[in-house]
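User: Please go through this structure with me in questions and answers.

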Amino acid sequence: MKKRLVSRILATAMAGVMAFSLPVMAEEATEDTAAEETTEANPELADKKVGVCIYQFADNFMTLFRTELENYLVEKGFSKDNIVIQDGANDQATQSNQIDAFIADGVDVLIINPVNSSSAATITDKVVDAGIPLVYINREPDASEEQRWADNDWDVTYVGCDARQSGTMQGELIADLGLDKIDMNGNGKVDYIMIEGDPENVDAQYRTEFSVKALEDAGLEVNCLDDQIGNWDQATAQQLVANSLSQNGDDIEVVFCNNDAMALGALQAIQAAGRTVNEDIYLVGVDALSEALEDVMAGTMTGTVFNDHFSQSHSAADAAINYLTGAGNEHYIGCDYVKVTGDNAQEILDMVK
Ligand code: BGC
């Protein structure tokens, strides 16, 4: 039911904001919609074993993702007992052992959120050798790795959103305020700091690059005062932003965070420094965590971007099912982000809660 609401919100959002929209995304959105229409549980899935590897349970967004993934797999006909979800504890060696154990156990399909995307080739090789179909989620392997799946016609795919879109939306959230409001120190530039996620992760790389690019594309001059690695983590980001605020003081006009967990940490630091979001500083994140949505509504966060864990987890489960039923999949399955402001935060909150 929530998923249907997502599609409606997405349709509204796409109509309004999608200067960025690429033809390939429209195609992928259609595929996703088609996948969502099959709601019947399939009795043939009841005895199929699914192994799921999550890079780290202690990640707010991946917690939403895996909870929804498990629920949806059960809804589709898998038995809860046959779904095993492992915590990689942010350690590739730990996760590789978990994958080996899943292979030894003879799982029918694997869904993997790699700790390091750069380990994908090694992971793919051993999973393909074992004859197990593989669905990567959330951390996209690089283009040459994806090319191997197509070249060899392997049952391997990636499900995720294009982080360039979320970065662009973050930049637009700021650019839409207009230079007069942003440029509080009057130097004619947008003075910002950037708090990045795990630098190995393409989501972090693209959000960092495209948020700034959107400002420049809007004709704004930018000035980066600080760029730090917060590794997607709230407490780390709080510390980094506190340091940056004490070094750069009132010159910071905008705080970009690659995700909401870090934006929540940034907000704690901003408030501790006696600054006020939307009055003397602007703050944006990505994910649309409930807490961040509450902040957007209260005006203590300028905006965020909904990272649709419903669509991504459902598409990942559907892709696993398509391998099991022999229907097969494309090697890339996408999904769209939604820009969130005070205008639609309540609507998104009603859906994610
Ligand atoms: C999310 C982050 C999360 C990361 C994990 C990103 O897409 O925005 O919140 O920590 O995925 O890989």
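User: Where does the ligand sit?

Analyst: The model is predicted, with local features needing pLDDT of at least 70 and side-chain atom pairs pLDDT 80 or more, while totals for chains, interfaces and linings use all residues. Residues are numbered from 1 along each chain as its sequence is written, and side-chain values use heavy atoms, without hydrogens and water. A cavity is a set of points, on a 1 Å grid over the protein atoms alone, where a 1.4 Å probe fits but cannot get out; a molecule sits in one if more than half of its atoms lie within 2 Å of its grid points. By this test, the ligand sits in the largest cavity.

User: Which side chain has a polar atom 2.5 Å from an oxygen atom of the ligand?

Analyst: A polar contact is a pair of N or O atoms within 3.5 Å. For Arg 139, a polar side-chain atom lies 2.8 Å from a ligand oxygen, and for Asn 307 the distance from a side-chain N or O atom to a ligand oxygen is 3.2 Å. The side chain with the 2.5 Å distance is that of Asp 287.

Terms used: A polar contact is a pair of N or O atoms within 3.5 Å; within protein, one must be able to donate a hydrogen and the other to accept it, and residues adjacent in sequence count only if both atoms are side-chain atoms. On a 1 Å grid over the protein atoms alone, a cavity is a set of points where a 1.4 Å probe fits but cannot get out, and a pocket is an open set with protein on both sides within 12 Å along at least five of seven lines; lining residues have an atom within 4 Å of a point.
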